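Colleague: Could you walk me through this model before I start drawing figures from it? I'd like to begin with the overall layout and then pick out a few places.

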Amino acid sequence: MKKSEVPQDKSNLESVQVKELCYAVDDQGNYTTELSTGWEPKSIVQQETLKLLQERIDQAKSDVKDQLVSPIVYFMELHRMDWNTLAAYMNMWVWRVKRHAKPSVFNRLNKKILQRYASVFDINIEELKNYKGD
């Protein structure tokens with residue numbers, strides 16, 4: 001792509017004034033860099049991805065409220081984690097972290113494990129324990 005053809009479309013990151021670095025070819029045929037404010041197809045994909053993530057967060061919130069899952073699931077979704085990522089942060093097996101997603105198991109977790117979850121989610125234990133999907 002030529003330097004003059006680097007897209008300057010409206011972007012989701014425009015409000016924070018972030019520009020993306022792109023590689024392009026200048027008038028002499030050399031590779032160079034150029035800043036782009038955005039590219040419409042990429043912005044569409046980003047909007048759809050954010051919409052999907054928000055739906056997952058809302059579903060997790062609803063499931064916590066209905067006592068189908070523990071607050072761990074909500075905070076995991078809120079922080080855009082999956083089971084493997086959360087397990088890695090917790091330094092636990094994935095099956096064990098998934099087990100903690102059950103309300104009956106979560107309610108029996110000791111303070112040390114709750115503190116580890118709270119630290120991962122950057123909240124305090126009380127916020128984690130008392131979150132009811134409100």
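Modeller: Helices here are DSSP runs of H or I with at least four residues, and strands are runs of E with at least two, both numbered from the N terminus. Keep in mind throughout that this is a predicted model.

Colleague: Fine, so how many helices and strands are there in the protein?

Modeller: The protein has seven helices and two strands, and along the sequence they come in the order β-β-α-α-α-α-α-α-α. The radius of gyration is 21 Å, well over the 14 Å that the globule rule gives for 134 residues, so the protein is more spread out than a compact globule.

Colleague: What box do the C-alpha atoms fill along the principal axes?

Modeller: That box is roughly 70 × 30 × 25 Å. As for burial, 32% of the 134 residues are buried, and the accessible surface comes to about 9400 Å², with 50% of that belonging to carbon and sulfur atoms.

Colleague: And the charges, how many positive and negative side chains are there?

Modeller: There are 20 positive and 19 negative side chains, and the centres of these two sets lie 13 Å apart.

Colleague: Switching to helix α2, why is it described as largely enclosed by the rest of the structure?

Modeller: Helix α2 covers residues 71-78, and seven of its eight residues are buried, meaning under 20% relative accessible area, so the rest of the structure largely encloses it.

Colleague: Which residues of α2 are the buried ones, and which helices do they pack against?

Modeller: The buried residues are Pro71, Ile72, Val73, Tyr74, Phe75, Met76 and Glu77, and they pack against α1 (40-65), α3 (83-90), α5 (103-106), α6 (111-121) and α7 (125-130). After α2 comes Arg80, which has a positive phi, near 55°.

Colleague: Back to the strands for a moment, where is Asp26 placed?

Modeller: Asp26 sits in the loop that runs between β1 (20-25) and β2 (31-36). A polar atom of the Asp26 side chain lies 2.9 Å from the backbone nitrogen of Asn30, and, leaving aside neighbours within four places in sequence, Asp26 is in contact with Lys3 and Thr32.

Colleague: Last one, what does Glu55 count as in terms of relative accessibility?

Modeller: Glu55, which lies in helix α1, has 44% relative accessibility and therefore counts as partly exposed.

Key
Residues numbered from 1 in each chain as written. Predicted model: local features only at pLDDT ≥ 70, side-chain atom pairs only at ≥ 80, totals over all residues. Heavy atoms only, no water. Polar contact = N/O pair within 3.5 Å; in protein donor to acceptor, adjacent residues only side chain to side chain. Contact = heavy atoms within 4.5 Å. Rg over C-alpha atoms; globule rule 2.2 N^0.38 Å. Buried < 20%, exposed > 50% of the residue type's maximum accessible area, 1.4 Å probe, protein only. Areas by Shrake-Rupley, 256 points an atom, 1.4 Å probe, with all protein chains shown as cover. Lys, Arg positive; Asp, Glu negative; His and termini not counted. Charge placed at Lys NZ, Arg CZ, Asp CG, Glu CD.
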